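Student: Could you walk me through this structure? I'd like to go question by question.

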Amino acid sequence: MKIVREALAGTLESSDLMVRIAPRAAGLEIVLQSEVIHQFGAQIEAVARETLEKLGVDAAQVIIEDKGALDCVIRARIQTVVRRAADAWTADWSALA
Amino acid sequence: MTDEVTPYRVDPTSEPEATAEIKALLAACDLSYEATVEVFVALKRGRRIVACAGLDKNIVKCAAISPELQGESLSLPLMTEIAHLAHERGHTHLFLYTKPDNVDRFRACGFYPVVEVPGVVTFMENTPIGVRGYCASLKILREPGAVIGAIVMNANPFTYGHRHLVEYAVANCDHLHLFVVAEDTSFFSYRDRYAMVKAGVADLPRLTLHPGSEYMVSRATFSSYFFKEKNAAADSFTAIDLLVFRNFIAPALGITRRFVGTEPFCKTTNKYNRDMMLWLRRPDSPFPPIEVVEIPRIAHGEIPISASEVRSLLAAERFGEIGRLVPPFTLAVLRDKHRPGRTPSQIPDPPTWVENALNKKGPETYEDS
């Protein structure tokens with residue numbers, strides 16, 4: 001899926017995250033800020049990257065402001081932000097589970 | 001307290017009662033209401049507004065939380081709502097100013113400090129890669145040399161005065177980085193100003209022409225240049241702009257010397273030049289000092305050439321006189337685009353203006369350079 005516009009999803013509340021996405025020429029750039037970055041930074045980034053790959057997003061800038069969200073919340077927020085920023089939704093929901 | 005708070009939006013032009021409540025809340029927090037705010041987000045608990053924040057395009061202003069509720073993390077729902085509202089209005093890159101004591105509160109809301117005027121105000125943006133990403137793109141354009149010069153100009157429009165400054169600068173450094181103010185609030189559009197500068201310096205060697213950015217002489221870094229503002233932060237705006245230049249832009253390009261023309265007419269620009277001497281050179285900074293070179297404007301007859309004079313003559317359609325003050329390309333742009341019926345009210349009539357100039361009391365112009 002191609003990211004064609006900037007989009008925003010999520011909140012800054014505890015156990016949630018705010019995700020911004022923007023178009024990029026090539027490659028994924030993920031910038032993560034988290035209150036638990038030392039314990040879970042690598043895990044959060046891996047979940048974000050895997051979700052983006054499953055959606056077929058291979059070029060985007062993603063800025064994540066994490067407030068201690070669980071993996072399922074991270075996936076949901078990223079799916080939403082991609083849906084808002086993509087030219088057309090081509091992913092199969094059942095394959096994303 | 002666990003009472004729910006409900007966010008809602010207030011349009012200050014059509015909701016006087018809610019706006020009055022916001023004004024009262026700001027006053028209770030020792031903040032001033034700013035008329036430039038286009039829309040507010042307010043958090044209500046019951047029927048009372050307990051927190052608010054406003055948007056002036058991409059700048060967050062008037063953010064306040066009722067004193068007795070501070071510490072309840074109301075800033076998180078407030079700033080979430082501001083982020084979504086700004087996004088809906090087409091602004092993804094947000095800026096704000098706050099007291100240095102409040103930096104941690106906004107940091108928790110996804111804002112990152114850019115520069116601080118010590119003890120007075122901190123300038124923040126809502127991305128960790130904003131100014132750093134911009135500087136990374138500048139670094140690619142570094143040029144070798146011991147003395148690297150810089151000029152930031154609005155060129156509204158580009159005159160022989162600007163040309164003189166650029167020629168002088170090129171002769172007095174190894175390479176010159178020339179920036180055109182990008183903010184599109186001047187009489188001439190950014191596109192036209194950039195084209196005029198480009199044509200006006202095309203023959204000069206050892207010069208890189210850069211588009212401007214939000215990080216120099218923009219609404220975000222230096223709003224009093226574009227709008228007359230009366231608040232405590234207004235005095236610090238020059239400092240914010242100059243600190244961003246010193247701490248980020250100059251190191252990215254290796255700039256060691258900044259050139260400016262003297263400013264006999266515009267108080268704001270004159271103050272900016274004075275403050276440059278302070279903020280670019282202060283020894284108590286971890287960043288290397290930047291030499292400031294201020295050269296006198298060239299004059300045509302008795303009056304120094306200025307862009308505001310050209311705009312005044314344009315309002316009177318005195319193209320013969322304009323032709324003596326601006327290069328041929330600028331004149332062509334003026335003739336081509338701005339002749340028919342465009343005489344904006346903010347341009348003073350030439351007689352008043354000339355009188356002001358001779359008395360050395362500048363007209364209140366906020367967009368001359």
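Student: What share of the contacts in chain B with a separation of 6 or more comes from residues 24 or more positions apart?

Tutor: First, a word on what you're looking at: this is a predicted model, where local features need pLDDT of at least 70, side-chain atom pairs count only at pLDDT 80 or more, and totals for chains, interfaces and linings use all residues. Residues are numbered from 1 along each chain as its sequence is written, while chains are lettered from A and ligands numbered from 1 in the order in which they are written. Two residues are in contact if their C-beta atoms, placed from the backbone, lie within 7 Å. Take the contacts in chain B with a separation of 6 or more, and the share from residues 24 or more positions apart is 70%.

Student: How much of chain B is buried?

Tutor: A residue is buried if 20 or more other C-beta atoms lie within 10 Å of its own, exposed if 12 or fewer, and partly exposed in between, with C-beta atoms placed from the backbone. Chain B has 369 residues, and the buried part of them is 43%.

Student: How many helices and strands does chain B have?

Tutor: Helices (H or I, at least four residues) and strands (E, at least two) are DSSP runs, numbered from the N terminus. For chain B, that gives twelve helices and 14 strands.

Student: What distance separates the centres of the two domains of chain B?

Tutor: Chain B is split into domain 1, covering 6–92, and domain 2, covering 133–298; such bounds come from an automatic or database domain assignment. Taken over C-alpha atoms, the centres of domain 1 and domain 2 of chain B are separated by 34 Å.

Student: Is Asp56(B) buried, exposed or partly exposed?

Tutor: Asp56(B) sits in strand S3 (residues 48–56) of chain B. Beyond residues up to four places away in sequence, Asp56(B) touches Glu34(B), Thr36(B), Val37(B), Glu38(B) and Lys61(B). Because Asp56(B) has 18 C-beta neighbours inside 10 Å, the class is partly exposed.

Student: Why is helix H9 of chain B called largely enclosed by the rest of the structure?

Tutor: H9(B) spans residues 307–315. Its buried residues include Ala307(B), Glu309(B), Arg311(B) and Leu314(B).

Student: Are H4(B) and H7(B) roughly parallel or roughly antiparallel?

Tutor: Helix H4 (residues 130–139) of chain B packs against H7(B) at an angle of about 30°, with the axes 7 Å apart. Axes are lines fitted to C-alpha atoms, for helices over the stretch in contact, and angles run from 0 to 180 degrees between N-to-C directions. Angles under 35 degrees count as roughly parallel, over 145 as roughly antiparallel, 65 to 115 as roughly perpendicular and the rest as oblique. H4(B) and H7(B) are therefore roughly parallel.

Student: Which classes of residue make up the contact of H4(B) with H7(B)?

Tutor: Val131(B), Cys135(B), Leu138(B) and Lys139(B) in H4(B) meet Val244(B), Phe248(B), Ile249(B), Ala252(B) and Leu253(B) in H7(B). Ala, Val, Leu, Ile, Met, Phe, Trp, Tyr, Cys and Pro count as nonpolar, Asp, Glu, Lys and Arg as charged, and the others, Gly among them, as polar. By that scheme, the contact of H4(B) with H7(B) has eight nonpolar, no polar and one charged.

Student: Is Ala7(A) buried or exposed?

Tutor: Over in chain A, Ala7(A) belongs to strand S1 (residues 7–10). Leaving out neighbours within four places in sequence, Ala7(A) contacts Ile21(A), Val81(A), Arg84(A) and Ala85(A). Since 20 other C-beta atoms lie within 10 Å of Ala7(A), the class is buried.
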